Amino acid sequence: AGIDASERLAVMAVDETGFGRVESKIQKNLFATRTLAERMHGMKTCGIIDTTDDGRVWEVANPMGIVAALVPSTNPTSTAMYKAIIAAKARCGIVLSPHPRAKECTLEALRVVATAAYRAGAPEGLFACMTEISVEGTHALMGDPETDVILATGGSAMVKAAYSKGKPAFGVGSGNVPVYVDRTADVKKAAADILYGVSFDWGTLCSTERSIVADQPVLARLKV
């Protein structure tokens with residue numbers, strides 16, 4: 001369902017937020033659905049998921065429970081679908097907190113995958129999303145006793161707040177990523193990769209290259 005809606009959701013995200021490129025957001029939506037599904041195919045997430053060769057040690061996984069998921073304005077549809085799908089795969093319920101600038105496209109992205117999941121037999125109510133967006137509301141969601149784990153993607157202040165709630169939290173903020181180009185590198189390819197990276201979705205990803213450290217022997221060639 002997410003694959004089929006990838007282009008429509010990409011257009012919605014750009015129109016609502018003013019961020020990024022439709023072509024890039026299509027690719028991100030496909031990564032968060034098609035590529036994710038391929039990666040998870042056959043993966044065990046609950047019950048006995050592994051045993052040692054002699055069978056003496058069993059690895060047993062249990063659902064965390066309710067996931068509070070913060071969704072950024074820079075990747076509002078791909079992040080919403082990705083987090084909803086991985087939560088369902090782990091047999092967890094999820095409540096999304098959209099960015100105020102991306103509320104409608106985030107809601108629609110969740111509706112797309114939730115509708116498909118319910119049709120496939122997922123229990124009603126497994127997916128939810130805040131519709132009245134506020135900082136206070138997001139803090140209340142993360143700190144609620146019913147929330148068992150937090151997936152926070154967004155600004156550094158909100159990620160820091162997620163870690164302060166006293167429960168398991170996984171946070172991703174702005175990356176400020178440096179690139180090191182060594183003298184042994186394929187300089188032409190390195191330059192092309194850097195340019196592609198900074199232009200993808202107009203540099204809105206947290207993994208976008210922000211600075212370059214070049215080995216002296218290749219510096220001049222890299223600049224050209």
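Reader: What makes helix 6 a helix that lies across strands, and which strands are they?

Author: Helix 6 (residues 156–163) lies across strand 3, strand 6 and strand 7. Contact here means heavy atoms within 4.5 Å. Helices (H or I, at least four residues) and strands (E, at least two) are DSSP runs, numbered from the N terminus. Helix 6 runs at about 170 degrees to strand 7; axes are lines fitted to C-alpha atoms, for helices over the stretch in contact, and angles run from 0 to 180 degrees between N-to-C directions. Helix 3 (residues 76–89) lies across strand 3 (66–70), strand 4 (93–97), strand 5 and strand 6, at about 160 degrees to strand 6.

Reader: On what kind of model do these values rest?

Author: This is a predicted model, in which local features need pLDDT of at least 70 and side-chain atom pairs count only at pLDDT 80 or more, whereas totals for chains, interfaces and linings use all residues. Residues are numbered from 1 along each chain as its sequence is written, and side-chain values use heavy atoms, with hydrogens and water left out.

Reader: Why are strand 5 and strand 7 said to stand at the edges?

Author: Five strands form an open sheet with parallel pairing, in the order 5-4-3-6-7. Strand 5 (127–129) and strand 7 (169–172) each have a single partner strand, so one side of each is left without a neighbour in the sheet. On average, neighbouring strands of this sheet are turned by 15 degrees against each other, direction ignored.

Reader: How do you know that strand 6 and strand 7 pair?

Author: Two strands pair if DSSP finds at least two bridges between them. Four bridges join strand 6 (residues 149–153) to strand 7, and the two run parallel. Ala-152 has Gly-171 in strand 7 as its bridge partner.

Reader: What makes the approach of Lys-28 to Asp-201 a polar contact?

Author: A polar contact is a pair of N or O atoms within 3.5 Å; within protein, one must be able to donate a hydrogen and the other to accept it, and residues adjacent in sequence count only if both atoms are side-chain atoms. The side chains of Lys-28 and Asp-201 are joined at 2.5 Å.

Reader: What makes a group of residues a nonpolar core, and which members touch the most others?

Author: Such a core is a set of buried Ala, Val, Leu, Ile, Met, Phe, Trp, Tyr and Cys residues joined through side-chain atoms within 4.5 Å. The largest one has 23 residues, of which Val-67, Ile-94, Leu-96, Leu-110 and Phe-127 touch the most other members. Helix 4 (103–119) is among the elements that give two or more residues to this core, and its six residues are the largest share. A second, separate core of 11 residues includes Ala-68, Leu-141, Ala-152 and Ala-169.

Reader: How do you know that Arg-111 and Glu-108 form a salt bridge?

Author: A salt bridge is a side-chain nitrogen of Lys or Arg within 4 Å of a carboxyl oxygen of Asp or Glu. For Arg-111 and Glu-108 the closest N and O atoms are 2.7 Å apart. Both residues lie in helix 4, three residues apart, about one turn of the helix. Arg-111 counts as partly exposed because its relative accessibility is 42%, whereas Glu-108, at 15%, counts as buried. By this rule the count comes to six salt bridges.

Reader: Which salt bridge links distant parts of the chain?

Author: The side chains of Arg-183 and Asp-215 meet in a salt bridge of 2.7 Å, N to O. Arg-183 is in the loop between strand 8 (177–181) and helix 7 (187–199), and Asp-215 is in the loop between strand 9 (209–214) and helix 8 (216–223), 32 residues apart. Asp-215 has a relative accessible area of 11%, so this residue is buried.

Key
Buried < 20%, exposed > 50% of the residue type's maximum accessible area, 1.4 Å probe, protein only.
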